[in-house]
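I opened the notebook to record what I looked up. The entries follow the order of my questions.

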Amino acid sequence: MGSMFFGQYLLSKGAINREALIEAIELQRKTNLSLVELAVRDGCLEPQRAEGILTRYRTTDAGLEELCLEYGQIDREKLDELRRNQQSDWVRIGVALVASGHLTRDQVVEHLAAFHEVQHEANQQLEADFRACNDPETVRTVVELAVFHLKRFTNGPVKLQNLTEDGGVLSSGRRRYAQKLLGDRELCIALDLPSQVATVAAQGFIGIPVEDDSEVAIDAVCECVNIIGGHACTRLEASGFRLRPEPPFSTEGDEPAGELRSSIRARVMAGDHEVDVRVFV
Amino acid sequence: MTKWRVMTVDDSAAILTIIAAYLEDSEFEVIAAERDGIMAVERFAQERPDIVLLDLIMPGQSGVETLGRILAIDPDAFVVIVSSLGTEDAVHECLTSGARSFLQKPFTRDDFIDFMRDLTQVA
């Protein structure tokens with residue numbers, strides 16, 4: 001069992017059903033406000049400026065607090081107050097499940113203790129998996145960048161679950177968005193995404209609505225991969241690797257499986273969808 | 001007000017869309033947008049834009065090759081490389097090949113407009 005969200009863990013243990021989880025997540029969506037939303041609600045940030053901060057958050061490496069301070073005209077004291085309010089009002093998934101009557105408080109406490117134990121083991125396993133990879137530094141760099149940018153582009157929760165080595169075959173119902181990086185070594189990075197996730201990422205990236213599997217959506221996700229690949233080359237340069245990305249491509253086939261020695265598959269949860277980040281080395 | 005005439009070159013339609021949207025209602029006008037280097041060189045010869053925003057990694061003719069061909073037509077052409085790749089090697093290669101500046105993707109509208117305005121101080 002890999003690293004996962006608590007709701008997903010409860011589902012896997014049969015403690016709740018999918019409908020209960022969706023209901024609890026909906027309750028969280030209605031109740032939990034981001035720092036930016038709280039600032040707008042409190043009248044210390046104009047909605048237009050908030051939109052600018054959120055765009056900046058999706059498209060740069062900066063954190064939300066840092067952006068609020070820099071562009072939101074919010075001082076540190078106010079920001080700390082907003083953060084405290086956010087934490088005190090934040091409804092976690094366990095609380096949402098209790099509030100919607102699907103679990104008792106005692107049941108949540110009991111499952112949470114078991115979940116933390118499982119997570120601890122899963123995180124240790126994840127570290128061991130990274131270390132055991134062929135070319136661990138490259139794999140870690142690519143996977144961490146992919147998770148980071150997926151979170152930004154989809155503007156939702158994204159969690160790395162586990163790493164495995166396999167043949168690199170594309171699972172059905174997904175499309176592969178990939179880019180080769182050439183230089184001191186040859187590798188290829190890929191995102192294997194179902195269309196729902198690809199569409200959300202494409203919209204987050206371009207900032208306008210796109211249709212599922214449309215040329216614009218596919219192109220935008222290719223560009224997301226291009227950004228991950230470009231940043232991976234930049235980051236790995238500091239470790240002495242000289243890599244250069246090729247133009248990104250999209251396929252419904254298995255390319256480049258078989259061309260390179262092995263495929264490291266990082267299973268990632270993006271919201272309630274499972275996606276794969278792959279590194280062919 | 002006379003607008004700065006900009007040509008964008010990127011194999012990604014998404015990036016061309018984003019740049020066009022960012023430059024809307026600004027002092028910059030996108031007068032041409034091309035998705036490959038060969039077409040970009042032809043279009044440059046016809047349009048002679050004030051600023052060329054050129055992607056580095058493109059299928060076929062690369063950004064650096066395209067840059068060389070544009071500069072062969074007009075050695076004073078103002079070409080800026082826009083790329084997700086920000087390695088020292090890449091930046092050095094572009095600048096020594098005649099690019100005037102380098103912008104790493106992704107970028108926000110505000111950052112992009114600020115960058116473009118800075119360019120106009122030297123263009």
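**Entry 1: two helices.** In which hand does α9(A) pass α11(A)? I found a right-handed crossing. A crossing is right-handed if the near helix is turned clockwise from the far one by less than a right angle, and left-handed if anticlockwise.

I noted the ground rules next. This is a predicted model, where local features need pLDDT of at least 70, side-chain atom pairs count only at pLDDT 80 or more, and totals for chains, interfaces and linings use all residues. Residues are numbered from 1 along each chain as its sequence is written, and chains are lettered from A and ligands numbered from 1 in the order in which they are written.

Back to the pair. Helix α9 of chain A covers residues 136–154, and its axis lies 9 Å from that of α11(A), at an angle of about 140°. Helices here are DSSP runs (H or I, at least four residues) and strands are too (E, at least two), numbered from the N terminus. Axes are lines fitted to C-alpha atoms, for helices over the stretch in contact, and angles run from 0 to 180 degrees between N-to-C directions. The two helices are therefore oblique to each other. Under 35 degrees counts as roughly parallel, over 145 as roughly antiparallel, 65 to 115 as roughly perpendicular, and the rest as oblique.

I listed some of the touching residues. Among them are Leu145(A) and Phe153(A) of α9(A), and Ile227(A) and Arg235(A) of α11(A). Contact means C-beta atoms, placed from the backbone, within 7 Å. By class, I read 9 nonpolar, 4 polar and 1 charged. Ala, Val, Leu, Ile, Met, Phe, Trp, Tyr, Cys and Pro are nonpolar, Asp, Glu, Lys and Arg charged, and the others, Gly among them, polar.

**Entry 2: one residue.** I picked Ile218(A), found in helix α11 (residues 215–237). Is Ile218(A) buried or exposed? Ile218(A) is buried, because 20 other C-beta atoms lie within 10 Å. The cut-offs are 20 or more for buried, 12 or fewer for exposed, and partly exposed in between. Leaving aside neighbours within four places in sequence, Ile218(A) is in contact with Asp213(A) and Ser250(A). I also checked Thr199(A): it is 19 residues from Ile218(A) in sequence and 8.2 Å away, C-alpha to C-alpha.

**Entry 3: whole chain.** I read 11 helices and 7 strands in chain A. Of its 281 residues, 38% count as buried.

**Entry 4: chain contact.** I read 24 residues from chain A and 23 residues from chain B. Helix α1(B) gives the most to the chain B side, with 5 residues.

Notes: Two residues are in contact if their C-beta atoms, placed from the backbone, lie within 7 Å.
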